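Thanks for coming. I will go through one structure and keep it short. Please have a look at it before I start.

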Amino acid sequence: MENIWTLLPFFDVGVIAAVLARFTGMNLSMAVLLSLLYIGGTPVEVVLTMLVFNTFTYFTVYTQQHVMGIKELTFFPGLKMAIPLIFTIAVAVVSPFLGIIIFIAFFLAETFARMYSTMDGRSRPNKRDIVELTVAAAALMSVGTALVQWFPAEYYYLLAGL
């Protein structure tokens, strides 16, 4: 029950931001950003949340335009889809944050696989290049995350904007 109460402010932010964006025409990302600041998010938390939010939103729009049926999934087709679903719920019971991250990872993996399979063969990168770029990105992200504690708070928003 404590985990549900922990996630409730973020659910409220999403609902309030969506309603505000709908009736004012404001960009939903900006509404979420302001809502997170209003409920007391630090600059680092807000920037990291917005990076995940914007990426997740982009791929949600992609999947609405390119509908994937349960049988068309790449990694967990058909009833195998229950595996990541159960795993995500089990992890979310212990750690809601980790559960959300695992859900996003499964969602993005399926979306990336779908995008890769629909790309033109001539412009599609080979799998080795994708692995190399993913490892490089993971290393840079890890270094950035380790260094962020010494980065002056005034520059977080400038860094995220760049």
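**Salt bridges, core and surface**

R128 and E132 form a salt bridge, and their closest N and O atoms are 2.8 Å apart. By salt bridge I mean a side-chain nitrogen of Lys or Arg within 4 Å of a carboxyl oxygen of Asp or Glu. This is a predicted model, where local features need pLDDT of at least 70, side-chain atom pairs count only at pLDDT 80 or more, and totals for chains, interfaces and linings use all residues. Residues are numbered from 1 along each chain as its sequence is written, and side-chain values use heavy atoms, with hydrogens and water left out.

Both R128 and E132 sit in helix α6, four residues apart, or about one turn of the helix. An α-helix has 3.6 residues a turn, so residues three or four places apart point the same way. R128 is exposed at 62% relative accessible area, while E132 is partly exposed at 41%. Here buried means under 20% relative accessible area, exposed over 50%, and partly exposed in between, with a 1.4 Å probe and protein chains only.

R128 has another contact: at the start of α6, a side-chain oxygen of N126 comes within 3.2 Å of the backbone nitrogen of R128.

How many salt bridges are there by this rule? The count is three. One of them joins E72 and R114, at 3.5 Å from N to O. That pair links distant parts of the chain, 42 residues apart: E72 is in the loop between α3 and α4, and R114 is in helix α5. R122 also pairs with D120, with the closest N and O atoms 3.1 Å apart. R122 counts as exposed, at 76% relative accessibility, and D120 is partly exposed, at 39%.

Now the chain as a whole. It has seven helices and zero strands; these are DSSP runs numbered from the N terminus, with helices (H or I) of at least four residues and strands (E) of at least two. Of its 162 residues, 19% count as buried.

Which residues make up the largest nonpolar core? There are eight: V13, A17, A31, V32, L33, L36, V46 and M50. Such a core is a set of buried Ala, Val, Leu, Ile, Met, Phe, Trp, Tyr and Cys residues joined through side-chain atoms within 4.5 Å. The elements giving two or more residues to this core are α1, α2 and α3, and α2 gives the most, with four.

Last, helix α1 also holds F11, which counts as exposed at 55% relative accessibility.

Definitions and conventions:
Polar contact = N/O pair within 3.5 Å; in protein donor to acceptor, adjacent residues only side chain to side chain.
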